[in-house]
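Please look at the model shown here before reading on. The report below takes up a few of its features in turn.

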Amino acid sequence: MEQYTVTGMSCAACSARVEKAVGSVSGVTSCSVNLLTHSMVVEGTASPSSIIQAVEAAGYGAAQKGAPKEGAKEDPFADRETPRLRKRLIASLVFLILLMYVSMGHSMWGWPLPSFFDGNFIAIGLLQLLLSAIVMVINKDFFISGTKALISRAPNMDTLVSLGSGASFIYSTVCLFLMTDAQLHGDTHAVHAYMHEFYFESAAMILALITVGKMLEALSKGKTTNALKSLMDLAPKTAIVLRDGVETEIPADQVKKGDIFIVKPGGAVPADGEIVEGFCAINESALTGESIPVDKTVGDNISAATVNQSGYIRCRATNVGEDTALSRIIQMVSDSAASKAPIAKVADTVSGVFVPAVISIAVLTIIIWLLCGSAFGFALARGISVLVISCPCALGLATPVAIMVGNGVGAKNGILFKNSVALEEAGRIRIVALDKTGTITEGKPVVTDIIPLGETDETTLLSLAYALESKSEHPLAKAIVAKAEELSLSLTDTENFTAVPGNGLTAEISGETVSGGNLAFLSRKLTVPQEAENAAKALAKQGKTPLYFAKGECLLGVIAVADRIKEDSPEAIRELKQMGIRVIMLTGDNKQTANAVKEQTGVDEVIAGVLPDGKEEIIRKYQKEGKVAMVGDGINDAPALTSADIGIAIGAGTDVAVESSDIVLMKNSLRDVPAALRLSRGTLHNIHENLFWAFIYNVIGIPLAAGVWIPLFGLTLNPMFGAAAMSLSSFCVVTNALRLNLLNVYSNKKDKPIRQKKEAKSMEKTLKIEGMMCPHCEARVKKVLEELDGVENVVPSHESGTAVITLSKDVDDALLTKTVEDQGYKVIG
């Protein structure tokens with residue numbers, strides 16, 4: 001995947017033109033152009049030079065995005081457009097005010113002019129021509145861009161504006177010459193008639209008002225990236241490093257991998273690193289959104305841009321520059337904003353034919369009014385109004401601005417969407433599958449119960465277990481060791497230590513045999529009292545693992561160990577169910593433990609004893625019932641994360657889990673799952689609002705501008721008001737998207753279940769496919785087939801070599817076969 005910066009685009013028609021031009025280049029498999037960020041993402045084998053050449057041939061500019069040069073970082077979110085537009089607007093307004101004074105103030109209200117102009121209508125006309133021409137030169141970009149687009153047979157918004165303004169100017173200039181001829185012949189009536197046909201002020205006002213709209217739009221678009229800008233600002237500018245044993249302050253971007261850097265209380269961490277000396281409390285809100293400081297000590301990892309709130313630490317740099325966690329977050333969100341959501345295809349389809357259609361309507365409007373007997377000036381005004389009120393720009397911005405703001409809100413809360421598809425599709429999830437260990441639970445066994453028997457006390461029991469388990473590497477042993485160390489118990493030496501895999505441990509303490517393990521293991525060595533068995537069964541029903549400990553043939557007691565459920569897991573699951581989502585838990589544990597977790601958390605269904613491959617098959621099964629999200633954190637979750645409609649890696653997870661997922665949750669909190677789905681629903685709702693207003697604006701505005709309502713209601717639209725309406729349409733769409741910043745993703749007050757669609761008759765077809773080798777092959781087959789009209793869902797399997805297709809209507813077998821074989825696979829039946 002390569003990214004490019006595209007210049008010269010002004011509306012959705014421009015981005016559609018660029019996509020079409022690049023898409024036709026040999027070797028390009030997909031192309032996505034983002035109007036908001038002026039970026040383009042291209043996949044395939046085509047060379048950068050051929051892609052740039054195609055963009056330039058379409059009338060635009062392009063440059064490949066590369067790594068910034070060392071020591072010179074370019075801010076990708078800097079607002080370079082607003083200052084330029086502001087200068088252009090100020091210059092335009094100066095001359096426009098003078099023009100309006102002459103054309104409106106003097107002509108309509110008798111405002112004074114120098115005596116030279118008294119009765120000199122030609123001089124007044126020439127002054128208006130000169131002032132409007134100056135405004136047109138100041139805003140020459142509209143004419144250059146619009147003309148290029150027209151020559152390239154891809155008219156855009158600038159074409160509409162330049163045609164409207166240019167037609168007003170040319171018509172007014174012709175009237176000025178005709179008025180001059182009338183004055184030379186002494187035809188006073190004709191002179192006054194031609195004076196009223198001047199549209200010089202409209203020509204200039206259209207350009208000025210569109211520039212106002214563009215500047216407001218640029219200001220609003222700048223605010224959509226505020227979240228990312230604030231993240232970038234968190235990175236410290238300087239760092240203190242040890243050089244030859246001396247503390248030296250250097251620019252943060254000069255820290256190298258392996259350097260020892262120092263972070264004092266109140267200081268920001270300049271790079272990812274590992275603490276080698278000291279301890280501290282780190283505020284990680286920059287990355288996770290969690291403001292509660294986390295205690296760190298020697299051996300712990302810390303991330304760039306986090307803040308040391310207390311303590312003095314020395315750290316070894318492990319990741320610097322663009323490899324830090326912060327840089328990866330910024331890159332991930334930036335890539336997501338550059339990608340295109342599926343819902344944007346609707347606007348793209350319309351935008352591709354919008355401008356030519358508007359030009360045709362404008363010409364038709366002029367012809368109809370002339371045929372109805374109207375004056376040419378009146379008919380032309382109606383046509384110009386149609387040109388300048390039509391706004392393809394609002395259509396083009398409806399989706400990307402909402403996606404950008406949604407990504408920013410997610411980043412502030414530690415929720416990262418890898419692409420726009422994930423942000424859109426997450427809101428349509430019907431089923432959430434949760435891995436148990438590390439997702440619902442803490443993933444770290446702890447001692448929950450200590451039950452001494454007979455005269456043994458808790459300390460004696462735990463001390464013996466500590467001595468025995470200290471030499472074991474088993475996770476349950478580590479839980480007992482951690483509990484003993486927490487209580488500062490002394491460690492007793494053991495001899496003749498023996499571990500029996502899957503059963504227990506034996507050793508000698510002061511010449512006496514001690515043993516520990518499960519019930520079966522201890523039962524072979526001694527008689528287990530009924531009291532101990534009953535206690536163990538009660539613990540097992542709660543999802544805990546009972547461990548028995550004995551000295552000689554005397555049972556000392558039972559210690560229960562369990563992977564505790566996270567505090568917020570039950571609340572998160574309740575919120576998901578409140579949103580109308582079915583919650584399923586997948587675990588490799590036994591059914592008794594799984595049912596105990598189910599009772600404590602309230603999940604709808606548990607599937608126990610599942611291996612990693614089994615999780616993948618279960619996900620495929622549930623995909624027949626609706627879109628499925630898989631939430632996990634480990635390497636064993638990667639196949640299921642890949643095969644699910646949306647894969648969610650929690651707590652940043654392992655590198656493999658993050659690579660396989662579509663959404664990355666930086667915090668280790670399950671409540672971020674409903675928060676992510678809530679944000680997706682909010683963004684999707686906002687996009688629907690934007691598209692509605694963009695469409696309805698044009699549906700109402702174009703007939704009004706054309707004069708459709710004049711015979712019925714006498715409603716007309718001056719071209720200047722049409723230009724003002726066009727300017728405000730884009731501004732309103734962007735402003736509406738900014739409302740997403742007010743969305744509280746952790747509030748469930750407005751949660752509503754997704755309306756279940758009425759079940760339609762569906763049919764299934766199964767394709768036998770050769771060549772699918774991995775989950776990525778499956779994902780590709782699934783993607784291309786689901787893009788076909790009539791295909792509701794596809795469940796591919798590289799293991800069985802099949803793709804089960806659910807159809808809402810019959811789709812020709814030949815089309816299905818061709819679609820798969822175009823991707824390099826072979827359909828054999």
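## Basis of the report

This is a predicted model, in which local features need pLDDT of at least 70 and side-chain atom pairs count only at pLDDT 80 or more, while totals for chains, interfaces and linings use all residues. Residues are numbered from 1 along each chain as its sequence is written, and side-chain values use heavy atoms, with hydrogens and water left out.

## A pair of helices

Helix α13 (residues 376–389) packs against helix α26 (residues 672–706) at an angle of about 165°, and their axes are 7 Å apart; helices here are DSSP runs of H or I with at least four residues, and strands are runs of E with at least two. The axes are lines fitted to C-alpha atoms over the stretch in contact, with angles running from 0 to 180 degrees between N-to-C directions. The two helices, α13 and α26, are therefore roughly antiparallel, a term used for angles over 145 degrees.

## A strand with two partners

Strand β8 (residues 272–277) pairs in the antiparallel sense with strand β13 (residues 313–319) over 5 bridges, and β8 also pairs in the antiparallel sense with strand β11 (residues 301–302) over 2 bridges; pairing requires that DSSP finds at least two bridges between the strands. Glu274 has Arg316 as its bridge partner in β13, and Glu274 stands opposite Asn301 in β11.

## Two loop residues

Asp244, which is not a glycine, has a positive phi of about 60° and lies in the loop between β5 (238–243) and β6 (246–251). Asp244 is exposed, with a relative accessible area of 84%, where exposed means over 50% with a 1.4 Å probe and protein chains only.

Ser510, also a residue other than glycine, has a positive phi near 55° and lies in the loop between β18 (504–509) and β19 (512–517). Ser510 is exposed, with a relative accessible area of 77%.

Terms used: Angles under 35 degrees count as roughly parallel, over 145 as roughly antiparallel, 65 to 115 as roughly perpendicular and the rest as oblique. Buried means under 20% relative accessible area, exposed over 50%, partly exposed in between (1.4 Å probe, protein chains only).
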